Amino acid sequence: MALACDFRIAVDSAVMGLTETGLAIIPGAGGTQRLPRIIGEAKAMELILTARRLSAEEALHYGLLTKIAPADQLHRTVDAFVGSLLANGPVAVEQAKFAIKQGMNTDLQTGLAIERKAYEMTLPTEDRIEALNAFAEKRKPVFKGR
């Protein structure tokens with residue numbers, strides 16, 4: 001399930017892996033498809049074919065995790081990360097995610113066209129004007145998702 005998420009934050013004592021080949025089966029639920037898209041084909045092949053478990057630190061190094069935190073700091077770490085997302089213009093975040101997700105499934109030229117359309121969706125928003133005004137006034141913008 002974690003592989004289907006945009007971001008993965010784990011406690012520093014976590015151990016993880018797709019170890020199914022050690023049981024003479026393969027990862028299901030998209031494991032063979034999602035892991036290579038996150039960390040690359042060669043590293044995914046290594047991990048899946050060897051059934052190796054990774055420490056949280058190794059998973060972070062592989063690009064599998066976004067962040068790690070001590071168990072007693074997990075909620076604070078997650079809240080801070082979510083806060084950094086929520087501080088941005090909601091329409092821009094939505095359109096950036098759309099452009100990334102859709103563009104990754106196409107060639108570069110098509111991806112650039114998707115990006116251009118997503119960018120155009122942000123131009124007429126009230127949030128863009130608010131951001132420009134806030135910048136000029138040296139204050140943080142207050143976004144409304146419009």
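These are my notebook entries on the overall build of this protein and on two of its residues.

**Entry 1, the model and its elements.** I began by noting that the model is predicted. I then looked up the secondary structure and found 7 helices and 4 strands in the protein. Reading from the N terminus, I wrote down the order of the elements as β-β-α-α-β-α-β-α-α-α-α.

I next looked up the radius of gyration, which is 19 Å for the protein, whereas a compact globule of 146 residues would come out near 15 Å. For the extent of the C-alpha trace along its principal axes, I noted a span of about 60 × 45 × 20 Å.

I looked up how much of the chain is covered, and buried residues account for 25% of the 146 residues. The accessible surface of the protein is about 10,200 Å², and carbon and sulfur atoms contribute 61% of that area. I also looked at contacts between residues at least 6 apart in sequence, and of these 56% join residues that are at least 24 apart.

I turned to helix α2, which covers residues 41-50 and includes isoleucine 48. Is this isoleucine 48 buried or exposed? I recorded isoleucine 48 as buried, because its relative accessibility is 9% and the cut-off for buried is under 20%. Leaving aside residues up to four places away in sequence, I found that isoleucine 48 touches Leu18, Thr21, Pro27, Gly31, Thr32 and Leu35. I also checked histidine 61, which is 13 residues from isoleucine 48 along the chain, and the C-alpha atoms of the two are 17 Å apart.

My last stop was helix α7, residues 126-136, where glutamate 130 is found.

Definitions and conventions
Residues numbered from 1 in each chain as written. Predicted model: local features only at pLDDT ≥ 70, side-chain atom pairs only at ≥ 80, totals over all residues. Heavy atoms only, no water. Helix = DSSP H or I, 4+ residues; strand = E, 2+ residues; numbered from the N terminus. Rg over C-alpha atoms; globule rule 2.2 N^0.38 Å. Buried < 20%, exposed > 50% of the residue type's maximum accessible area, 1.4 Å probe, protein only. Contact = heavy atoms within 4.5 Å. Areas by Shrake-Rupley, 256 points an atom, 1.4 Å probe, with all protein chains shown as cover.
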